[in-house]
Amino acid sequence: MIVQASAALSADGYTDDTSPGRLVLSHPADWQEVYRLRAGCDAVMVGAETVRRDDPSLLLKDPSLRHRRVSLGMSPDPVKVTVTRSGDLDSESRFFSTGAGDKVVIAAGDAPGEKLERLGRVATVVRVGVPVTAEEIVGVLETMGIRSLFLEGGSRLMTLFLTGNRVDLLRIAVAPFFVGESGAPRFVRAGAFPFGKDRRMEVLQVRQVGDMSVTDYSLSRRGTDYFRLRQAVALAFDCPRSDSAYSVGAVAVTAAGQVFTGYSRETAADNHAEEEAILKAEKAGVSLKGGVMYSSMEPCSTRKSKPLSCSALITAHKMARVVFAVHEPDHFVQCRGAAVLEEAGIEVSVIGDLAAEAMLANAHIRL
Ligand SMILES: NC(=O)c1ccc[n+]([C@@H]2O[C@H](COP(=O)([O-])OP(=O)(O)OC[C@H]3O[C@@H](n4cnc5c(N)ncnc54)[C@H](OP(=O)(O)O)[C@@H]3O)[C@@H](O)[C@H]2O)c1
């Protein structure tokens with residue numbers, strides 16, 4: 001399972017203030033991004049205290065996001081998940097009472113039975129051990145078929161997953177103001193984090209979103225692969241349409257971490273996505289040796305219009321790995337890209353979780 005965590009912080013690192021109401025840290029543009037990320041996940045999770053204090057609905061708001069999920073074969077709403085030891089959750093809170101998606105309560109083994117029984121009327125309640133670990137939560141959700149989890153706080157939940165080394169991607173949005181109250185909640189509590197001064201997280205992207213600065217970190221190779229492949233899949237939707245060729249997006253990352261993107265037909269009518277990314281690296285005079293090619297679809301193994309296939313180009317540039325979302329369907333040609341790359345000693349991985357989205361970019365091609 002891929003686990004993504006997301007938090008909005010004040011400039012002095014708080015996630016709320018000490019007033020009874022919820023502190024709005026996010027800019028509307030940041031909310032839009034968070035909703036989109038939420039929509040891309042099978043389940044969204046908050047700690048029980050966030051359910052009690054903030055009463056979030058955790059819904060998608062924008063109907064187009066729900067439609068998109070349905071066209072990807074997903075349920076309209078992500079499953080909502082929380083964790084508790086006290087069992088003190090109001091079954092009428094918006095967590096339970098809003099949205100058509102399933103609700104799941106993970107409860108510590110010693111949580112009071114009568115409270116869990118009551119919650120069992122509005123949610124699936126699963127008792128686990130004491131103390132509850134992040135690994136256990138992931139295990140329970142995986143048995144329910146959940147492949148991607150979006151963590152939205154608060155501090156104890158974040159601390160549990162981060163100290164348990166069970167977060168793959170971390171998105172931190174910093175608001176341009178201070179809270180300045182020492183009793184306010186911070187992003188995480190004290191703990192033994194696997195990423196300390198001797199082990200730094202990988203920065204994937206830094207951006208301004210509205211008036212907030214947003215940083216995406218990777219905490220695992222799985223996180224990096226998922227993030228870059230998701231970028232590649234998003235690029236597939238930018239391609240000029242063609243009825244005789246697929247819409248594909250690609251992201252080439254050099255061994256030193258430089259990023260070059262491309263999509264089919266970006267600069268010429270018969271250019272492939274991987275080729276576009278490679279051309280940009282060549283133009284910049286940057287070596288792709290030892291780098292990784294992320295592509296929404298298996299790189300091609302034969303070209304009618306050009307001497308070298310994308311698999312041959314990747315091999316010629318001595319790239320180390322190729323990660324793609326979906327094998328090329330046997331429609332225009334019989335693609336052997338993955339086999340050709342492996343025969344050349346290149347490591348090939350397929351992240352099928354993004355396959356439906358990669359194919360949605362090609363919905364115009366009748367297979
Ligand atoms: N800015 C943001 O991005 C953001 C996002 C979300 C929340 N927040 C803020 O964060 C604050 C809440 O954070 P918080 O740290 O107090 O609470 P929290 O992480 O939301 O929830 C903590 C509660 O979750 C349950 N829990 C957590 N780990 C558990 C474990 N291992 N086993 C069993 N139960 C476990 C316990 O529930 P029981 O007490 O029921 O046993 C615990 O008290 C709020 O002020 C909220 O506004 C901010």
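**View 1. Arginine 207 is partly exposed, with a relative accessible area of 24%.** Partly exposed lies between buried, under 20% relative accessible area, and exposed, over 50% (1.4 Å probe, protein chains only). The model is predicted, so local features need pLDDT of at least 70 and side-chain atom pairs count only at pLDDT 80 or more, while totals for chains, interfaces and linings use all residues. Residues are numbered from 1 along each chain as its sequence is written, and side-chain values use heavy atoms, with hydrogens and water left out. The side chain of arginine 207 meets that of aspartate 216 in a salt bridge at 3.3 Å, N to O; the term requires a side-chain nitrogen of Lys or Arg within 4 Å of a carboxyl oxygen of Asp or Glu. Aspartate 216 is buried because its relative accessible area is 8%. Both residues belong to a salt-bridge network that also links Asp30, Glu33 and Arg171.

**View 2. Arginine 38 and glutamate 152 form a salt bridge with an N to O distance of 2.6 Å.** The two partners come from distant parts of the chain, 114 residues apart: arginine 38 is in helix H1 (residues 28-39), and glutamate 152 is in the loop between strand S6 (148-151) and helix H7 (155-163). Helices (H or I, at least four residues) and strands (E, at least two) are DSSP runs, numbered from the N terminus. Arginine 38 and glutamate 152 are both buried. The structure holds 27 salt bridges.

**View 3. Arginine 147 forms a salt bridge with aspartate 42, with the closest N and O atoms 3.3 Å apart.** This pair again joins distant parts of the chain, 105 residues apart, with arginine 147 in the loop between helix H6 (134-143) and S6 and aspartate 42 in the loop between H1 and strand S2 (43-47). Arginine 147 has 39% relative accessibility and therefore counts as partly exposed, whereas aspartate 42, at 12%, is buried. The side chain of arginine 147 also meets that of aspartate 353 in a salt bridge, at 4.0 Å, N to O.

**View 4. Domain 1 (2-219) faces domain 2 (225-360) across an interface with two salt bridges.** The domain bounds come from an automatic or database domain assignment. The C-alpha centres of the two domains lie 33 Å apart. Contact (heavy atoms within 4.5 Å) involves 13 residues of domain 1 and ten of domain 2. The area buried between the domains is about 1,000 Å², with 56% from carbon and sulfur atoms. Of the area that domain 1 buries against domain 2, Arg68, Leu72 and Leu204 supply 43%, more than any other three residues. Buried area is the accessible area (1.4 Å probe) that two parts lose on being put together, summed over both.

**View 5. Helix H8 spans residues 221-236.** Its 16 residues reach 23 Å from first C-alpha to last, close to the expected 22 Å, where the expected span is 1.5 Å times one less than the number of residues. Buried residues in H8 include Tyr226, Phe227, Leu229 and Val233.

**View 6. Cysteine 310 is in no disulfide, in a structure with zero disulfides.** The nearest cysteine sulfur, that of cysteine 300, is 3.8 Å away, and a disulfide requires a pair of cysteine sulfur atoms within 2.5 Å. Cysteine 310 is buried, with a relative accessible area of 1%. Cysteine 41 also counts as buried, at 0%.
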